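Open the model in your viewer and keep the selection tool at hand. Each stop below tells you what to select and what is there.

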Amino acid sequence: MAFVQFSKVSLAFGDRDILKDVSVNLSAGTKAALSGANGSGKSTLMKIMAGELAPDSGQRIAQKDARIVYLPQSGIVHAGCTLRQEADRAFDYGYQLQRELEEIGDALKDSSQKSGPLLERHHQITTWLEESGWYRREAQAEQVLLGLGFSRRDLERQTQEFSGGWQMRIALAKALMQRPDILLLDEPTNYLDLEARNWLEEFLNSFSGGFLLVSHDRYFLDTTVTEVYELFNGQLRRYAGNYTNYEKVRQVELESLMATYQQQEEEIRKLEDFIRRFGAKATKAAQAQERQKMLDRLLAQQVQIPESLKKMRFTFPPAPHSGRLVLTLEGVSKSYDGVHQVLSQLDLVLEKGERLVVVGCNGSGKTTLLKILAKEDASFEGSVREGAGVAVGYFSQDSAERICGSTTVLEYIEGQAPLELVPRVRDMLGSFLFRGDDVFKSLDVLSGGEKSRLALLQLLLRPVNLLILDEPTNHLDLHSKDVLLEALKDFGGTVVFVSHDRGFIQSLATRVLELSPPLESLAGEAGVAQAGTPTSCGRARNFPGSYEYYLERIAAEAEGREVVPGQLGSGSGASGGRQSGQSALASSAGGSSTSSSRAASMPSTGALQYEEQKKLKNQRRKLEREEERLLEEIAAVEEEKQQLENQLAQPEVYSDAQKSRQVQAAVEALATKIDQLTAAWEEVSAQLEG
């Protein structure tokens, strides 16, 4: 089994210890994540593992011929050849072995050389080439590139034509194609959309080698890793299990650490107070000196708090009042070249309070649509009407990149803020982790995460009731993502967003709009929706409900399963998206799918044949049974919720914080289930009442 082992590795930059006696063993089958605060040394450790950086001390032991491939966060640019040719460079190791085979063949022709070792080496190389898929490398390259979002047309494009994000996809593809023994990936999901992330998850789950990765996508980590290494204060510690399990265990440890930290802070405060009050008095000088020694010892052993505990703290300003209808789109079409349609005849109704996520593969028009909604792009056909009192806040993918220059952070935000908020700017910056001298940093020296936090802060400077967010979590760490998510959940307005973070989408979305790339074969086709199913308007499909509902519907369609309304676990009418979803479906289909089902459920007897009437009666009986089942389930869940609410009034529960949180969480889960069941019942009831 191939392995690489690092023992007591240390590295310092100036007077700061980045790594202190770090030991880790990576082997085939390792599926690990590397965690730690920004600046803790994660990328440095990976570079040492890859052999790109030499440590100050320690050992690196690797099995002979073990191959390690490292993918950095950014900075890789390809040029001078086509994508297909660049991909073929990933197989350089195989080409080297093939040349060695030829040399061995030539040597074997010379009878004066001993053939035993040569034949053994020939066999080793031949076996490796066969097992690695060397002879199928072109097919492998296409599979990986297509999986990461490239099209077949891209294969013949020059690599310099691709943008920075796609350059990193090329680098990731080459790393995966090499099929190394150990794979080191630093933020591989930063430039991937959902489809590419899903493909990468499947690749890593089936990968026979070992890997260590850094990522800020909790869902991605949970589905790929079985252990987590945390780098904190230069030391590395291992936690078994996925990332969620690591967070639970670490939270308990951090609570104990915080208690110790607060106790130390109190002791330090008392000692400093004594020294300050009595240090200058002759009668107390000896005692003050003794206290100073105690303070020095305490400061030398002071507990260090992880940067991750210093979380962003913010809430959006109260959303101004707006009408029920927030946006109405009719026949929106967009083409950049006058030939290929990015958006085609899109109809959409967005209602107050919705959290609409726009999904689709690259090139489907997600960013284009958000720019149109935010009035950043006015060159489109059709109409977009805002409702009464709508005030828009827009965060684009390049919002962070636009923040540049020699201006300081403080000057930049003061220049953006209304006059009445200027006195509060320092406090607001502190809530976004710009503390102390950080506010005097030049914009040009900020990291990607710092720029993203600053761009989000700009959204708080003026009250809005419609947030349009294009990849708001890019470059944010997990803790900052969590804070943003909670702020958006509490936001009193409407949200339209694009994200490639599945956990973020699942927690926020109440409705899904799926965009698909234009397909010439679909031109002129008209989709006819069954009752309760999403309808297709050219390239747009509307799914009223949560993201889980959307995924279940897509899976059902792929398997050819019939879906009965109300029987989809989390999706049938998630609160906030059901009614508005129906109105949007009606506009996109040119008529109400619900009304068409009503017309079908109560037909004119003389207009239909006997068999058709019989079929409709059977369908109605099914709906009646489904309605009865839903009502019974709603009653049972409401009773269970009432029992839990009664428990919250009991002293043994409300006096125990942990037990109280558990019961409250269960109550909230049941309330959500009741909303979902009620929505499903209303949908079935509407069809029966037609």
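This is a predicted model: local features need pLDDT of at least 70, side-chain atom pairs count only at pLDDT 80 or more; totals for chains, interfaces and linings use all residues.

**Stop 1**

Color β8, residues 227–232. The strand is mostly covered, with 6 of its 6 residues buried. Show its side chains. Glu227, Tyr229 and Leu231 point one way, while Val228, Glu230 and Phe232 point the other way. Both groups are buried.

Now follow the chain into β9. β8 and β9 form a hairpin, with 2 residues between them. Click Asn233 in the turn: its phi is positive, at about 55°.

Next, select residues 31–35. This is strand β3, which pairs with β8 in the parallel sense over 4 bridges. Ala32 stands opposite Glu227 of β8.

**Stop 1: α6 and α7**

Select residues 164–177 for helix α6 and 194–206 for helix α7. Their axes come within 13 Å and cross at roughly 15°. The two helices are therefore roughly parallel to each other. The crossing of α6 past α7 is left-handed.

Which residues make the contact? From α6, show Arg169, Leu172 and Leu176. From α7, show Ala196, Trp199, Leu200 and Phe203. By class, this contact has 6 nonpolar residues, no polar ones and 1 charged.

**Stop 2: a three-stranded sheet**

Move on to β10, β11 and β13. These 3 strands form an open sheet, in the order β11-β10-β13, with antiparallel pairing. Select β11 (341–351) and β13 (381–386) to see the edges. Each has a single partner strand, so one side of each is left without a neighbour in the sheet. From one strand to the next, the twist averages 10°.

Select residues 325–335 for β10, which pairs with β13 over 5 bridges in the antiparallel sense. Click Thr328 here: its bridge partner in β13 is Arg385.

**Stop 3: α12 and α14**

Select residues 409–416 for helix α12 and 448–458 for helix α14. At what angle do they pack? The angle is about 20°, and the axes are 11 Å apart. α12 and α14 are therefore roughly parallel to each other. Their crossing is right-handed.

Show the side chains where they meet. α12 brings Val409, Tyr412, Ile413 and Gln416, and α14 brings Leu454, Leu457 and Gln458. The contact has 5 nonpolar residues, 2 polar and no charged ones.

**Stop 4: Thr494**

Finish at Thr494, in strand β16 (residues 494–498). Is Thr494 buried or exposed? Its relative accessible area is 1%; under 20% counts as buried, so Thr494 is buried.

Display what surrounds this residue. Leaving aside neighbours within four places in sequence, Thr494 is in contact with residues including Val326, Leu350, Gly353, Arg355, Asn465 and Leu467. Last, draw a C-alpha to C-alpha distance from Thr494 to Val392: the two are 102 residues apart in sequence and 9.6 Å apart in space.

Note on methods:
Residues are numbered from 1 along each chain as its sequence is written. Side-chain values use heavy atoms; hydrogens and water are left out. Two strands pair if DSSP finds at least two bridges between them. Axes are lines fitted to C-alpha atoms, for helices over the stretch in contact, and angles run from 0 to 180 degrees between N-to-C directions. Angles under 35 degrees count as roughly parallel, over 145 as roughly antiparallel, 65 to 115 as roughly perpendicular and the rest as oblique. A crossing is left-handed if the near helix is turned anticlockwise from the far one by less than a right angle, and right-handed if clockwise. Contact means heavy atoms within 4.5 Å. Ala, Val, Leu, Ile, Met, Phe, Trp, Tyr, Cys and Pro count as nonpolar, Asp, Glu, Lys and Arg as charged, and the others, Gly among them, as polar. Buried means under 20% relative accessible area, exposed over 50%, partly exposed in between (1.4 Å probe, protein chains only).
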